[in-house]
Amino acid sequence: MAWIVLVVSGVLEAVWATALGRTAGFSRLTPSIVFVAGLVLSMVGLAYAMRSLPTGTAYAVWVGIGAALTVAYAMATGDEAASPLKIVLLLGVVGCVVGLKVLS
């Protein structure tokens, strides 16, 4: 169960990171609300997962999922340029996250 919560928390990290970029300095209400809700839920999930998973592993997986999804979403929406090298590097991050899960 901790791994499922951790993955969902990583997805929520991507949600709040993306929302933060759209708040325009917290002057836009909807993205600001999404940011706060995503941040709180993501942290609660991370804290729950860390009750039974090693801190370093849980944090690395959480950050890896959040970072990879944030960049992938930005590339998919055209907010960030995509390149074959970026895609390979993102796949490397995903591979490392899977490796941490396999070794745990």
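Modeller: The model is predicted.

Colleague: How many residues has H3, and what distance does H3 reach from its first C-alpha to its last?

Modeller: At 1.5 Å a residue, a span of 33 Å is expected for H3. The helix comes close to that expectation. H3 has 23 residues and reaches 33 Å.

Colleague: Which residues of H3 are buried, and what covers them?

Modeller: Buried here means under 20% relative accessible area. In H3 this holds for Thr57, Ala58, Val61, Trp62, Gly64, Ile65, Gly66, Ala68, Ala74 and Met75. The cover over the buried residues of H3 includes helix H1 (2-22), H2 and helix H4 (84-103).

Colleague: How are H2 and H3 oriented to each other, parallel or antiparallel?

Modeller: Helix H2 (residues 29-49) packs on helix H3 (residues 55-77) with axes 10 Å apart and an angle of about 150°. Angles over 145 degrees count as roughly antiparallel. H2 and H3 are therefore roughly antiparallel.

Colleague: Which residues make that contact, and what is the hand of the crossing of H2 and H3?

Modeller: H2 contributes Ser42, Met43 and Leu46, while H3 contributes Ala58, Tyr59 and Trp62. By class, the contact of H2 with H3 has five nonpolar, one polar and no charged residues. As for the hand, H2 passes H3 in a crossing that is right-handed.

Colleague: Is Met43 buried, partly exposed or exposed, and how far in space is its C-alpha from that of Leu12?

Modeller: Met43 lies in helix H2. Its relative accessible area is 37%, so Met43 is partly exposed. Met43 and Leu12 are 31 residues apart in sequence, and the distance in space, C-alpha to C-alpha, is 9.0 Å.

Colleague: What is the orientation of H3 to H4, and is their crossing left-handed or right-handed?

Modeller: The axes of H3 and H4 come within 9 Å and cross at roughly 155°. That makes H3 roughly antiparallel to H4. The crossing of H3 and H4 is left-handed.

Colleague: Which residues of H3 and H4 meet, and how do they divide by class?

Modeller: From H3 come Thr57, Ala60, Val61, Gly64, Ile65, Ala68, Val71, Ala72 and Met75. They meet Lys86, Ile87, Leu90, Val93, Val94, Val97 and Leu100 of H4. By class, the contact of H3 with H4 has two polar residues, one charged and 13 nonpolar.

Colleague: Where do H1 and H3 stand to each other, oblique or parallel?

Modeller: The axes of H1 and H3 come within 8 Å, crossing at roughly 45°. The crossing of H1 and H3 is right-handed. At that angle, H1 and H3 are therefore oblique to each other.

Colleague: How many nonpolar, polar and charged residues are in the contact of H1 with H3?

Modeller: Among the residues in H1 that take part are Trp3, Leu6, Trp16 and Arg22. Those in H3 include Trp62, Ile65, Leu69 and Tyr73. The contact of H1 with H3 divides into 15 nonpolar, seven polar and two charged residues.

Colleague: Is Thr23 buried or exposed, and which residues does Thr23 touch beyond four places in sequence?

Modeller: Thr23 is placed in the loop between H1 and H2. With a relative accessibility of 1%, Thr23 counts as buried. Leaving aside residues up to four places away in sequence, Thr23 touches Arg28, Pro31, Ser32 and Phe35.

Notes. Residues are numbered from 1 along each chain as its sequence is written. This is a predicted model: local features need pLDDT of at least 70, side-chain atom pairs count only at pLDDT 80 or more; totals for chains, interfaces and linings use all residues. Side-chain values use heavy atoms; hydrogens and water are left out. Axes are lines fitted to C-alpha atoms, for helices over the stretch in contact, and angles run from 0 to 180 degrees between N-to-C directions. Helices (H or I, at least four residues) and strands (E, at least two) are DSSP runs, numbered from the N terminus. Angles under 35 degrees count as roughly parallel, over 145 as roughly antiparallel, 65 to 115 as roughly perpendicular and the rest as oblique. A crossing is left-handed if the near helix is turned anticlockwise from the far one by less than a right angle, and right-handed if clockwise. Contact means heavy atoms within 4.5 Å. Ala, Val, Leu, Ile, Met, Phe, Trp, Tyr, Cys and Pro count as nonpolar, Asp, Glu, Lys and Arg as charged, and the others, Gly among them, as polar. The expected span of a helix is 1.5 Å times one less than its number of residues. Buried means under 20% relative accessible area, exposed over 50%, partly exposed in between (1.4 Å probe, protein chains only).
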